[in-house]
Amino acid sequence: MKVGWIGLGGIGKRMVLRVLGAGHELVAYDRGEGRQEAAAAGARLAEDYPQVCRDADLVCLCLFSDAQVREVMFG
């Protein structure tokens, strides 16, 4: 399965590592420090939100607040 992921904070990063460990393909976007660890585990890093979603079978958001969800979805 091709998974798109937005949000690699403390919880999101651990979840991404589990998804990768289960053998799924994963494209991730994050502005923070989780990018390096996800990439080292096999995630492909996206430059923007549309790139995360382009070929994904499933898109996951793991964000901190409602405001962040609104920004990603509608901003």
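Visitor: Which residue is the bridge partner of V3 in β2?

Guide: In this predicted model, V3 is bridged to L26 of β2.

Visitor: How do you know that β1 and β2 pair?

Guide: Two strands pair if there are at least two bridges between them. Strand β1 (residues 2–6) and strand β2 (residues 25–29) have 5 bridges, so they count as paired, and the sense is parallel.

Visitor: What is the order of the strands in the sheet?

Guide: The 4 strands of this open sheet run β3-β2-β1-β4, with parallel pairing.

Visitor: What makes β3 and β4 edge strands?

Guide: β3 (44–45) and β4 (58–61) each have a single partner strand, so one side of each has no neighbour in the sheet.

Visitor: Which strands does helix α1 lie across?

Guide: Helix α1 (residues 10–21) lies across β1 and β2, at about 170° to β1.

Visitor: Which residues are closest to the centre of the largest pocket?

Guide: That pocket holds about 310 Å³ of space. Of its 17 lining residues, G7, C62, L63, F64 and Q68 are the closest to the centre. α1 and α4 (66–74) are the elements that give two or more residues to this lining.

Definitions and conventions: Residues are numbered from 1 along each chain as its sequence is written. This is a predicted model: local features need pLDDT of at least 70, side-chain atom pairs count only at pLDDT 80 or more; totals for chains, interfaces and linings use all residues. Side-chain values use heavy atoms; hydrogens and water are left out. Contact means heavy atoms within 4.5 Å. Axes are lines fitted to C-alpha atoms, for helices over the stretch in contact, and angles run from 0 to 180 degrees between N-to-C directions. On a 1 Å grid over the protein atoms alone, a cavity is a set of points where a 1.4 Å probe fits but cannot get out, and a pocket is an open set with protein on both sides within 12 Å along at least five of seven lines; lining residues have an atom within 4 Å of a point. Grid points are joined across faces, edges and corners, and a volume is the space filled by probe spheres set on the points.
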